[in-house]
Amino acid sequence: MSDEHGFSTRAIHAGQEADELTGAVVPPIYQVSTYKQDGIGGFRNGYEYSRSANPTRTALEECIAALEGGSRGFAFASGLAGQDTVARALLVPGDHVVVPNDAYGGTYRYFNKVAKPQGVEHSIANMGDVEAVRAAIRPGQTKMVWVETPTNPLLGIADIEAIAAIAHEAGAVLVVDNTFATAYLQSPLALGADVVTHSTTKYSGGHSDVVGGAVVTATNISVPGYEDAEERIAFHQNSIGGVAGPFDSWLTLRGLKTLAIRMERHCDNAEKVVEFLEGHDGVSQVLYPGLPGHANHDVAARQMKRFGGMVSFRMRRGEDAAVKTCAAVSLWTLGESLGGVESLIEHPGRMTHASVAGTELEVPSDLIRLSVGIEDVDDLVADLREALDIHG
């Protein structure tokens with residue numbers, strides 16, 4: 001599949017040629033653990049054992065690599081399994097990582113509670129401030145800069161190209177979590193990132209029916225000592241074993257086929273929800289990269305195709321009003337996760353980001369996060385209006 005093909009063409013065809021045996025246009029679910037060998041050591045088409053490789057997972061890995069414009073894709077059982085594999089493959093005790101001050105709670109928990117006791121140090125930086133990132137780097141020790149953009153849940157924007165230059169100058173690799181934007185809205189590798197990660201549970205799968213993760217490596221990683229990052233990640237994926245199963249891979253592939261058209265609808269609906277929230281007296285602040293008043297709106301406009309389906313806002317009357325508003329809606333579903341076709345509402349401080357309470361990553365208690373789905377937007381706005389008119 002050529003890189004010259006459009007995004008949706010790649011999403012539907014990359015890694016997904018018709019089945020040679022039957023002509024099936026959808027890759028089969030190879031629900032198998034092992035494979036007959038053509039003599040000792042004679043692996044048929046390279047398949048030996050499904051932890052090491054599985055044809056359905058291969059199709060997903062090839063597809064997501066094509067969508068990100070990378071050299072190789074890796075599919076995992078969850079987004080955090082992928083992140084753990086990247087960290088273990090590329091970092092050793094004594095290394096230092098710069099982590100966002102607005103990271104996904106699970107990412108921060110990993111670096112603070114898992115990687116740190118194993119000797120990998122980290123510092124927190126505002127990724128929206130390029131100079132703050134530069135200041136957080138420890139010369140000779142910083143080996144990785146970890147970026148989310150947009151961030152979860154404050155929708156901060158990091159300048160990928162500028163931070164890539166800073167990281168590479170320091171001899172560090174740049175890893176970008178592209179979960180919120182997706183490969184459709186943003187191409188971190190083209191902007192200088194070395195590795196991209198995803199929770200494919202979210203927009204990539206898109207239907208709230210599968211948990212998964214993905215990692216894609218750049219075609220050429222020129223950071224000294226990391227030129228073999230692809231091989232190291234591949235080795236650790238097989239050695240650690242947190243891989244995506246065949247049915248999960250198949251479900252994620254199905255989701256990717258409609259990613260482009262879904263993201264357009266997510267963005268359309270989010271823009272109208274933002275317009276409504278901006279005009280409601282109960283809302284003190286709307287956080288959305290598409291707003292001209294957003295601190296890094298210009299950066300988002302430059303590196304994103306559109307501004308995404310995630311919206312956060314703060315309640316003028318504080319935490320109690322935020323909690324009651326989340327409980328008062330009927331069409332929006334109160335729940336964690338994001339990126340599905342259905343609209344979700346949550347209180348980050350008590351839900352997804354409860355694990356960072358009391359840290360530098362603690363989120364405002366009056367914050368509500370929305371994952372805007374693809375329903376009829378007038379219905380979504382009407383449901384929000386009713387809840388906000390009562391509790392706002």
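Reply: Happy to. A residue counts as buried when its relative accessible area is under 20%. Keep in mind that this is a predicted model. Glu 61 has a relative accessibility of 12%, so Glu 61 is buried. This glutamate is found in helix α2, which covers residues 55-68. Beyond its neighbours within four places in sequence, Glu 61 is in contact with Gly 73, Phe 74, Ala 75 and Gln 237.

With 60% relative accessibility, Gln 31 counts as exposed. Its contacts, again leaving aside neighbours within four places in sequence, are Pro 246 and Phe 247.

Now to the cysteines. The whole structure holds 0 disulfides. Cys 63 is in none, and the nearest cysteine sulfur to it, that of Cys 267, is 19 Å away. Cys 63 is buried, at a relative accessible area of 0%. Cys 326 is buried as well, at 4%.

Cys 267 leads us to helix α10, where Cys 267 is one of the buried residues, along with others including Met 263, His 266, Ala 270 and Val 274. Helix α10 spans residues 259-278, 20 residues in total, and reaches 28 Å from its first C-alpha to its last, close to the 28 Å expected.

Definitions and conventions:
Residues are numbered from 1 along each chain as its sequence is written. This is a predicted model: local features need pLDDT of at least 70, side-chain atom pairs count only at pLDDT 80 or more; totals for chains, interfaces and linings use all residues. Side-chain values use heavy atoms; hydrogens and water are left out. Helices (H or I, at least four residues) and strands (E, at least two) are DSSP runs, numbered from the N terminus. The expected span of a helix is 1.5 Å times one less than its number of residues. Buried means under 20% relative accessible area, exposed over 50%, partly exposed in between (1.4 Å probe, protein chains only). Contact means heavy atoms within 4.5 Å. A disulfide is a pair of cysteine sulfur atoms within 2.5 Å.
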